[in-house]
Each structure stands twice: as C-alpha cells, then as structure tokens.
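Thanks, everyone. I'd like to go through some ring contacts and a few backbone angles. Please have a look at the model first.

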Amino acid sequence: MTEGSQARAAEPVQPRRAFPEGYLWGAGTSALQHEGSPLADGAGQSIMYRWAHAPGRVPAGQDFDVSADFYRRFRDDVGLMRQLGLRAYNFQRLLPDGRKRINPRGLDFYDALLEAEIAPLCNLYVFDHPTELEDRNRHGRPVQPNTRHTGQPSGRNRASRPSRRGPPPRR
C-alpha cells in the first residue's frame, strides 16, 4: 500500500445520511423459522407448513414444528426486544384461518407488544398464509388442482399461462 491509501483506510467511514428523526426501528421474523407450534390453538396448516411436511423438502425426520418456540415463549422474547430497543415488530397469526376467527393468543401477543411500548406491525402477506386461503380462489370456490391462489394456471403448463407479452408463439 502507498502512504495515501493507508491514510484513507484509517479514516472512519461517515454515513452519507442519517435516518430521519422518529424513524421506526423494528424487526420481524418468519413464522415457519421462528414461531414453532404451527397447529397450536386451532391454527390449521399454513402454506409453508404444508411445504415443509411434503416428502423431500427438509432432511428426513426434521421439520419446523418447534423452531425457536416463539409462540409459547413470546413474553420473554418481547422483553428481549424491549432490551434491544426495538420500537416495532411484525407479527402474524392473528387470523389463523385467514378469515373471520381471531386467535386469542395472537391478541395476547399484540397486547404484550403494546405493554412493552413496541408498535405491532401487521402485514397482509408475508409469504406465508393459511392453506384455507391458498385452496380457495377470490370467489370462495375451491381452486382447481393445477392452479395457485391467484386462480391462474401454474407454471407446469406454460403454454396456457397468461403473459403480458401476448399469447405464446404458434408452432
């Protein structure tokens, strides 16, 4: 290295911009990888639960059913969040069937966040949702086996899948 490059390397890196005053620092976790207890309290299967329990998805004899056991230990974990200074946390599991029924434990968690002065952030979709929603289309009718939650044909039959570029070329 030259003298000039050594001098530059020793200078502390200065941030270009600071976060605005009042910026909401928080966190969130993946339900599959963190919550555990995927079927507790009548939750029913989520799409990631179904995926993880399909043969060949995870190493034999393993699953995500316990994970970090956040579902049962959330009060201790909320205390840790407060110690870390988190001001917000994303959570799921409030509507276990994805429709009308509310999970009382989800409300307990919501209340624990508020008591710890942590803002609960609710997302409509965080890649995982109840299979009941996955298995029904937007009109409430069962979806055909070769379709996904959008009601559009799956990627298995690309010729029938709609495209923004127009129909597939004729062969």
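Start with tyrosine 89. Its relative accessible area is 4%, so this residue is buried. Keep in mind that we are looking at a predicted model.

Now, what does the ring of tyrosine 89 do with the ring of phenylalanine 109? The two centres are 5.8 Å apart, and the planes stand at 85°. Edge-to-face means over 60 degrees, so this pair is edge-to-face.

Next, the count. There are 7 aromatic pairs in the model. One of them joins phenylalanine 70 and tyrosine 89. Here the centres are 5.8 Å apart and the planes meet at 35°, so we call the pair tilted. Where do the two partners sit? Phenylalanine 70 is in helix α4, residues 70–84. Tyrosine 89 is in strand β2, residues 88–91.

Phe70, Phe74, Tyr89 and Phe109 form a cluster linked by ring pairs.

Look at tyrosine 71. The charged end of arginine 105 sits over this ring, 4.9 Å from the ring centre.

Now the backbone. Which phi angle does serine 67 have? A positive one, about 50°, although serine 67 is not a glycine. You'll find serine 67 in the loop between α3, residues 47–52, and α4. With a relative accessible area of 29%, serine 67 is partly exposed.

Glutamate 117 also goes on the list. Its phi is positive too, about 60°, and again the residue is not a glycine. Glutamate 117 lies in the loop between α5 and β3, residues 119–122. Its relative accessible area is 63%, so glutamate 117 counts as exposed.

To recap. Tyrosine 89 is buried. It pairs edge-to-face with phenylalanine 109. With phenylalanine 70, tyrosine 89 makes a tilted pair. Serine 67 has a positive phi, and so does glutamate 117. Over to you for discussion.

Conventions:
Residues numbered from 1 in each chain as written. Predicted model: local features only at pLDDT ≥ 70, side-chain atom pairs only at ≥ 80, totals over all residues. Heavy atoms only, no water. Phe/Tyr/Trp six-rings, centres within 6.5 Å; stacked < 30°, edge-to-face > 60°. Helix = DSSP H or I, 4+ residues; strand = E, 2+ residues; numbered from the N terminus. Buried < 20%, exposed > 50% of the residue type's maximum accessible area, 1.4 Å probe, protein only. Lys NZ or Arg CZ within 6 Å of the ring centre and 35° of its normal.
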